[in-house]
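The structure comes before the notes.

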Amino acid sequence: MKPWQSGIWFGGDYNPEQWPKGIWHEDLELMLEAGVTTVSLGIFSWANLEPHEGEYTFDWLDEVINGLHSKGISIDLANATASPPAWLGIKYPDSKFTDQNGIIRSHGGRQNFCPSSANYRRAAQALTEKIAQRYGKHPAIAMWHVHNEYACHNARDYSETSAIAFRAWLKNKYQDSLSQLNRAWGTDFWSQRYHDWSEIGTPKVTPDGTSPNPTMQLDFARFSSDALLECYVAERNIIHRHSPGIPVTTNFMTIRGFNKLDYWKWAAEVDVISTDHYLMSNDPNAHIELAMQADTTRGLAKGYPWLLMEHSTSAVNWQPRNRAKEPKELLRNSIQHVARGADGAMFFQWRASFAGSEKFHSGLVPHAGKNSKVWREVVKLGEFLDSLEEVTGSTVSNKVAMIWDYESWWSLDQPNLPSTDLDYLNNALAIYQAFWNLNVGIDVIPPPSEQDDLSSYQLVVAPMTYLMSKETATSLSRYVSSGGNLLASYFTAISDLNDHIYLGGYPGPLRELLGLTIEEFAPLMENQTVLLSNGYEANTWSERASATTANVIASYKNPALEASVAISRNLIGNGSAWYLGTSLNRKDMHDFIAKVLKDAGISQTLVTTAGVEAVRRAKDEQSWLFLVNHTNNEVKIQAKGFELLTKQEIVGSFKLPAGEIAVIRENL
Ligand code: GAL
């Protein structure tokens, strides 16, 4: 994946079909005023492009595309398959989405389709063929946008159509052997053994207080991600055929809580990685969560520049209470993404709708029009991004990696775990926050396979990597024995990839590397805290663990646990393996991570006031320091170079006002 353009993209989803034609001209004028470079067009236009099966109406789209082109605005053109029209479900009932209760969902929302339905696939591919054929070589098309946020509303379809496809997927995985499947799923539990393939359905809701077999659920999650991926790949291939050389993307959702697709697998099929990110109104640290998601997206892009396809200028409409962004927050959010490798800051959507269920969602052009805080900031952002052109194609490099594993997360989303507080995302975020506060950058990586070389990292973090293959464990051991540092959190390497517990003491394949063994989990109760021997305060989790070769850094002061290990460090040659067996309060986590970093010899991007985010992008011999002041105070920063937004030379230090951003081309 190479830089796909010059300049930072700025614009958003453009839905002209929602507006009378008279507005289209005004749209173009306003886009020019704001400095919009690119729009994503036609995402939800299926019903307007194919009102009846096989009858296409492209005239309006021709006009919009030519209008944009005449103003020099480039287009990320959708193939419009994200929201099937009413006729599809009426004509082909099997094309509709079925939920876990077996209820077939009605038309009127969006994404109402079953990915395994041959009728849906045929119709979606036919539409793609028409659009790609018509516009594949149009000079305004800069990128293709397949579908939209796959799995947002129909991640797992439980219909009979999916059951047939699931069985085929299972036969392929288990080499046609039902006994292999029975072994993998552990079906001798609760009389679940299958004697014929036809007995296997989708893991629909089971009697109260029970849930489907855990490995079946895990395989169903894998299958469901693959089923949607097949839809994407088929549509992408059609586009590649008609539009050679133009990159194809589909917008991911690296957004708090979304985990339905195995994006590591998806990323390999996408020409430019793009994503959507929205802040959670009730999260006071949403800007830190944003940073982690941006780092994840850069990881999916293997470090290359990526595209922020959607975020919001202000409030969204789908949370219980939708917070309006504070003044300058829009600018901070956009620059945070660009700092972490995005070569574009795009939005949902150009003009806030006046009808439909998203009518209270912000846009670049708000209901109030130009006389608004949002519009003024949009125009300012356009100017800022324009002045960042030289940054295009630069990358971020870090000394710390964090393993990110969708499959572990899927398993931890299931019931019947030792504690409902085992929370994959929040555990990782709590650790990430400490790095963020210290301005130490993190690369997000998939669970390493045996061949993967981690040696460019001085520290690898494995947060709650519950499912771990022996190959990954071997790779981590090799990394540590050749001088690397590992930090594993609790509930890591408990099960193999079939979700079978490793026996003989947890965490089976990492016991030797960590130099300890855990004999029993002792989850803490809600709001319960426990003191550690080094004065830290722990919550959520404790366990009965003893060191074999590890040095104990802290143990539980709980007499019932008889001084079990809470934090330890196992020295192996020049490397070390840290274990964090519990969850620490914020201050102690910060202190602990600072110690780990010091021991690993990792320095901060910039030593500055807490709450000032500093990230460096670099290309060839040049680097740029991005600064975002999230505090309410002006902060003095030590730096030398040229500040691109205010166009000022900085000699030694400068003052960054509260809530402001700066991008410094550094003098080396
Ligand atoms: C995204 C979606 C957009 C819009 C937006 C609202 O999930 O791709 O079409 O619905 O959310 O925040």
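Helix H8 is mostly covered, with 22 of its 29 residues buried (buried means under 20% relative accessible area with a 1.4 Å probe, protein chains only). The model is predicted, so local features need pLDDT of at least 70 and side-chain atom pairs pLDDT 80 or more, while totals for chains, interfaces and linings use all residues. Residues are numbered from 1 along each chain as its sequence is written, and side-chain values use heavy atoms, without hydrogens and water.

**Helix H8**
- H8 runs over residues 214-242 and reaches 43 Å from first to last C-alpha, close to the expected 42 Å (1.5 Å times one less than the number of residues).
- Helices are DSSP runs of H or I with at least four residues, and strands are E runs of at least two, numbered from the N terminus.

**Sheet**
- Nine strands form an open sheet with parallel pairing, in the order E5-E4-E3-E2-E1-E9-E8-E7-E6 (strands pair if DSSP finds at least two bridges between them).
- E5 (248-249) and E6 (251-252) stand at the edges with a single partner strand each, so one side of each has no neighbour in the sheet.
- E1 (residues 9-14) pairs with E2 (residues 38-41) in the parallel sense over four bridges.
- Gly12 is opposite Val39 in E2.

Technical notes. Buried < 20%, exposed > 50% of the residue type's maximum accessible area, 1.4 Å probe, protein only.
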